[in-house]
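The entries follow in the order in which I made them.

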Amino acid sequence: MWVLQRGCAWLSQLSIASLTCTKDPPKPCSHTAGMCPLPHHQCPFLSPCSNSSAESLDRLYPAVGSTKPPRKRTTSQCKSEPPLLRTSKRTIYTAGRPPWYNEHGTQSKEAFVIGLGGGSASGKTTVATMIIEALDVPWVVLLSMDSFYKVLTKQQQEQAASNDFNFDHPDAFDFDLIIATLKKLKQGKSVKIPIYDFTTHSRKKEWKTLYGANVIIFEGIMAFADKELLKLLDLKIFVDTDSDIRLVRRLRRDISERGRDIEGVIKQYNKFVKPAFDQYIQPTMRLADIVVPRGSGNTVAIDLIVQHVHSQLEEGCPGLCPPVPPPSSDPQCAEEHPSGEGHAHHHQKQGDQ
């Protein structure tokens with residue numbers, strides 16, 4: 001018993017000496033030995049410092065069953081832009097709708113549109129993906145021209161089944177819908193685009209929904225074939241790949257992904273693809289601002305493109321911050337193409353027909 005009391009007194013004195021206090025050191029109290037007749041809270045020898053020392057000992061031994069309080073999660077927002085802009089007519093949720101809108105409820109800056117042209121299987125989609133990864137900006141939309149093939153008649157369906165329909169002609173695309181879609185995307189509005197089925201050569205019933213973005217990449221074999229479409233492109237890039245490489249890629253893609261046979265692919269290539277490239281696609285190379293030889297293998301050209309786009313964004317869109325996808329109930333995001341139904345989708349990855 002004497003050993004236990006002496007040990008408790010020694011621990012108390014050790015804890016008191018280890019703490020820094022502005023008051024005079026408290027006198028030893030027989031409470032530590034369990035011999036003080038007064039209640040603990042009435043003892044004149046127990047000062048606030050000694051209470052703190054007792055608490056410090058308690059902190060050395062975690063309480064049984066105690067758990068840390070849950071960590072409060074916080075979300076970071078752009079400090080340069082308020083999350084809400086209230087005008088006389090409406091409230092705009094800027095934190096959830098890129099591009100940003102100003103205090104008047106109008107778009108502060110149109111999206112930057114990149115047009116990617118080139119022959120079939122030249123690597124346009126791969127180049128677009130590499131640009132997106134290198135840009136590292138909050139919102140980028142990749143829009144494929146393959147989604148805008150016209151609806152075929154019954155006779156044209158039969159021709160397509162026998163590889164006798166020319167999908168590499170400008171008349172095969174719905175340019176009116178392409179232009180209307182790009183205009184809305186450039187203005188920051190959401191749109192609905194068709195989904196094309198390459199196996200049946202037809203549009204599916206469901207449509208995809210795309211939202212406005214900081215950067216829009218539009219890629220297709222006829223990306224530079226329409227004057228009105230060219231006006232919407234801020235940067236025009238032509239992907240130039242050797243014809244032999246393009247043929248090999250097309251064979252591999254159409255056989256493995258689209259259920260074609262090798263005879264049909266070669267027949268279509270010789271009858272439509274190669275003549276269309278010589279007549280409609282290659283001449284548009286002169287309209288391009290940048291020509292990328294060797295496609296995705298030319299990393300130097302892609303780096304230069306990314307640097308240019310970054311400089312354009314810094315000039316026109318200062319303070320870009322990662323936004324939150326807009327809620328579907330927001331009425332200001334409901335401006336869509338009138339035809340069809342779709343779902344949220346921000347990146348298309350489809351090849352050429």
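Which residue caps the N-terminal end of α8? I found that Asp261 does, with a side-chain oxygen 3.3 Å from the backbone nitrogen of Glu263. I counted as polar contacts pairs of N or O atoms within 3.5 Å, one able to donate a hydrogen and the other to accept it; residues adjacent in sequence count only if both atoms are side-chain atoms.

I note that this is a predicted model, where local features need pLDDT of at least 70 and side-chain atom pairs pLDDT 80 or more, while totals for chains, interfaces and linings use all residues. Residues are numbered from 1 along each chain as its sequence is written, and side-chain values use heavy atoms, without hydrogens and water.

I next checked the span of α8 (residues 262–281): its end C-alpha atoms are only 24 Å apart, whereas a straight helix of 20 residues would span 28 Å at 1.5 Å a residue. I located a kink of about 45 degrees, centred on Tyr269 (the angle between axes fitted to the seven residues ending there and the seven starting there).

Tyr269 is also among the buried residues of α8, which include Gly264, Phe272 and Ile281 (buried: under 20% relative accessible area, 1.4 Å probe, protein chains only). I found the buried residues of α8 packed against β3 (112–118), β8 (235–240) and α7 (243–257) (contact: heavy atoms within 4.5 Å).

I then traced the open sheet of five strands, β4-β7-β3-β8-β9, with parallel pairing (at least two DSSP bridges between two strands). Its edge strands are β4 (140–144) and β9 (290–293). Five bridges join β3 to β7 (residues 215–219), and Leu116 stands opposite Glu219 in β7.

Terms used:
Helices (H or I, at least four residues) and strands (E, at least two) are DSSP runs, numbered from the N terminus. The expected span of a helix is 1.5 Å times one less than its number of residues. Buried means under 20% relative accessible area, exposed over 50%, partly exposed in between (1.4 Å probe, protein chains only).
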